[in-house]
Amino acid sequence: MPKLQQIVGFRVGRENFGVPIGIVHEIVRMMDITVVPDAPAHIEGVINLRGKIIPVVDLRKRFSEPVEPNRRNRIMVAELDGHQVGLVVDAANEVLKVNPELIEPPPNIFEQGELNYVTGVGKFSGKLVILIDLAKIMQRGELRRISDFAETAGVVPPAL
Amino acid sequence: MGIFSDDRANELRSLFFDSSQEILQALNEDALLMEKSPRDPEIIRNIRRSVHTLKGDSAACGYKELSELAHAVEDVLTPEIAGRDGEALAELVLVSADAFDNLLSAFRNELQPPSTAPIYRLIEAIRNPHPQAAFAPGFLWTEYEQLVISRSAVRGQNVYNIALAIDPACPMRAAAVQLVRNVLQEFGSILVMRPEENATEIPDIIEVALASHHQLDWVERKSRIPTVVSKVCVLLAQQLPFVDPDSPLDLPPSPPAAVPPAPPAPSAEVPAGLSQREQDKARAAQAIRQVFERPRTRDERLPAATENVIRVEAERVDVVLDLVGELIIARSMMQDLLNEMNRALGNAPLRARSADALVFQSQILNKLQRAVMKIRMVPVEQMFRRLPRVARDTAKLLGREVNIVIEGENTDLDKSILDALAEPMMHLLRNAVDHGIEAPLDRAAAGKSPEGTIRLNAYHQGNQVVIEMSDDGKGIDLPRLISAAVASGTLTAEQAARISDGDALDLIFQAGLSTSTEITEISGRGVGMDVVKAVMDRLKGTVTVRSIPGEGTTFRLKVPLTLAIIKALLFRVSERLYAVPLGSVMEILRTRESEVHFVDGQEVLQIRDEIVPLIRLARLHPGGERKSKLFIIVVSLGERKVGLVVDRLIGEQELVIKALDETLVTTELVSGASILGDGRVVLILSVSDVVEKLGRGFGTDPRSAGAHA
């Protein structure tokens with residue numbers, strides 16, 4: 001029996017996603033997000049997480065899903081490269097213990113640029129869960145447009 | 001290094017990285033002094049001490065490349081060589097300081113250390129100006145080999161460093177090495193030998209560390225192998241404490257069986273039981289050892305006076321400062337609560353008592369905050385002292401003569417601010433040497449001393465620190481600057497015609513502008529000055545420049561004392577909360593929409609007899625609505641005044657600044673954020689960037705600025 005992997009499952013739109021539990025710091029209820037003027041488009045704003053100010057990304061917008069505020073909305077706080085980031089998701093409520101052997105590598109189509117944030121796919125407790133790499137999601141630009149991946153990070157036309 | 005646990009070793013290394021920076025700094029400074037007076041024995045001693053400390057510390061951390069290089073450099077730092085070729089030696093020290101620095105950063109980042117071969121060649125050239133006459137054994141044993149050597153000494157054997165010059169006439173050099181090996185093995189055991197067995201390249205000198213029961217002159221006699229070896233040098237190799245060769249030797253009364261390794265006793269240890277001649281020899285060997293000096297005892301390296309200084313990682317202080325910040329937030333929570341209680345309970349006696357308690361707590365908190373902030377304060381000297389080297393290198397490259405005068409170096413400033421200032425100051429300094437100070441002949445022609453002077457000064461001014469750099473060079477060529485700005489499209493011809501001298505000088509901070517016709521290695525690409533500006537903005541500081549043609553240029557950098565806590569003015573725009581540093585606010589006024597006028601497509605307001613351009617902060621967000629009553633916050637930006645239009649004022653408050661995650665939230669408009677007592681986040685605007693982006697700066701089309709917002 002291989003060692004079970006723990007995965008935090010969350011929902012954005014109709015899809016179920018999963019990330020390794022190790023990178024998830026905590027999950028908090030939705031709170032007021034302070035909009036930061038002139039910040040990159042995918043940064044929703046910042047929140048006060050018990051005295052720490054952390055940036056927030058709305059995964060619903062990131063995945064082009066409609067934003068429908070409801071009581072189940074959560075901010076999932078993840079730690080990426082030593083930086084804490086809040087991710088707004090439609091719901092996040094389960095920790096799945098999965099057998100790594102049941103995780104399949106992403107289908108070929110996912111290896112292409114626009115979807116390369118998918119690291120694996122598995123069917124757990126009757127649901128299809130897409131495992132994703134959050135670091136890739138935090139990169140600049142739209143997720144589904146190939147052209148944006150050619151963009152060198154940080155090259156933004158100087159605004160006058 | 002198996003001696004230490006990983007944690008201990010890591011701690012040791014990070015300590016070493018910290019302390020090494022100071023050593024390198026000292027090296028640079030001393031080398032500059034040495035250039036001026038190459039024969040000063042005190043300076044050479046200081047440099048030796050620095051290199052020596054570096055050697056010992058790096059060896060302890062297991063950085064072999066560094067300790068070996070330091071050892072080699074230390075070897076040539078002798079009064080004799082300094083007397084012969086002091087300038088080359090000073091150059092070597094400077095070049096080595098750079099090499100040490102490169103090695104250190106490679107170690108720190110766990111990269112492949114860069115090659116040090118060029119330095120070794122330099123050392124060889126200095127050691128040996130006439131390579132033919134070379135016979136100067138270095139005995140550059142590695143740390144491990146040194147350990148082996150000292151172990152053997154503990155076991156009661158004499159250890160000799162033997163250098164044998166292979167006879168140039170000897171036809172079979174590889175065989176000669178083998179022969180030497182065989183001979184030496186007959187009367188002792190070879191601890192180390194260079195070249196090693198089966199080495200392909202045979203040097204001119206064979207170096208051996210030999211453990212033997214025989215006496216020194218016996219070993220020397222036996223080592224002279226006719227037709228194979230032409231020169232022999234045998235030195236006693238045990239670690240002996242440093243001895244002043246002029247002081248009389250104290251001979252121990254009874255002959256001990258062995259020489260103790262590195263005894264801490266200050267008395268000289270000459271192997272007893274030797275004849276008078278042998279004693280003389282040993283004494284001579286000790287004198288020579290000053291050249292090949294082994295580490296002295298650690299205590300000797302510490303400064304004589306015990307300093308009451310603790311080295312603490314900046315991060316640890318930051319944690320305390322953060323906690324104090326949280327306390328301040330907690331205090332404003334209490335204050336909010338008390339205000340609410342006032343409204344609910346009226347004049348209950350409990351209310352007054354809790355107010356008293358809160359005031360008391362606030363006072364302590366203020367003291368605590370000041371005390372912690374003081375820990376972070378360091379003297380400006382830490383940055384200033386790096387600059388003479390930069391000036392010297394730049395001046396040397398460009399054929400200038402520059403004298404640096406430093407004042408106010410004891411002015412304290414927050415360490416993080418000081419660190420951030422280092423880069424812009426270097427830019428300014430290089431620029432001053434390159435563009436400011438004229439070539440010596442030109443200076444003489446202008447009736448100035450051939451040597452230019454650059455003055456660095458620092459002083460407190462209220463809650464800010466001013467850092468000035470002035471040169472007595474030729475000043476900034478304004479007409480040329482303006483035409484360069486027109487040529488690059490930064491300025492229209494029309495604007496150029498009307499521009500004031502002050503505004504024109506500010507042009508040098510624009511990206512891509514340079515008055516230099518040629519691009520040098522140092523400066524002239526028009527980058528650099530905009531970097532200065534960017535850093536100053538980030539630090540919530542300002543930079544201004546004054547220049548008088550023919551007399552010189554002065555840059556004035558003004559930064560807040562600390563980045564951690566600021567007094568700020570809070571206000572609302574489109575129902576969103578913002579703050580600006582109170583230091584930049586000149587006045588606050590109310591006005592009506594009808595008072596706002598348009599001049600040149602720019603909204604302005606007449607304040608007394610001044611026309612002040614307005615910037616509507618509602619443009620920070622799309623869809624901001626207009627109100628008939630306006631609040632105007634007049635801010636100053638250097639010489640300029642700008643009115644920020646906001647919806648509602650909230651008041652003045654002390655804010656604990658928290659940085660935004662710069663890797664993700666990249667915005668120039670916001671310089672930081674803070675958390676209010678009720679948990680709300682308030683964004684602190686970077687006034688100069690807001691004015692630049694939303695306002696109409698030089699050559700900026702107001703429409704494009706608007707579109708950007």
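What follows is a short chat about this predicted model.

Visitor: How many helices and strands does chain B have?

Guide: Happy to start there. Chain B is 709 residues long, and 34% of them count as buried. Its count of elements is 22 helices and 22 strands.

Visitor: How many residues of chain B are in contact with chain A?

Guide: Let's look at the side of chain B that touches chain A. Helix H11 (314-345), strand S21 (670-675), strand S22 (681-685) and helix H22 (702-708) of chain B each give two or more residues to that side. By class, the side has twelve nonpolar, eight polar and six charged residues. Facing 20 residues of chain A, the number of chain B residues in contact is 26.

Visitor: Is Val682(B) buried or exposed?

Guide: Good one to check! Val682(B) sits in strand S22 of chain B, and its contacts beyond four places in sequence include Leu570(B), Tyr578(B) and Ala673(B). A residue needs 20 or more other C-beta atoms within 10 Å to be called buried. Because Val682(B) has 22 such atoms within 10 Å, the word for it is buried.

Methods:
Residues numbered from 1 in each chain as written. Chains lettered and ligands numbered in written order. Predicted model: local features only at pLDDT ≥ 70, side-chain atom pairs only at ≥ 80, totals over all residues. Contact = placed C-beta atoms within 7 Å. Helix = DSSP H or I, 4+ residues; strand = E, 2+ residues; numbered from the N terminus. Nonpolar A, V, L, I, M, F, W, Y, C, P; charged D, E, K, R; others polar. Buried ≥ 20, exposed ≤ 12 C-beta atoms within 10 Å, placed from the backbone.
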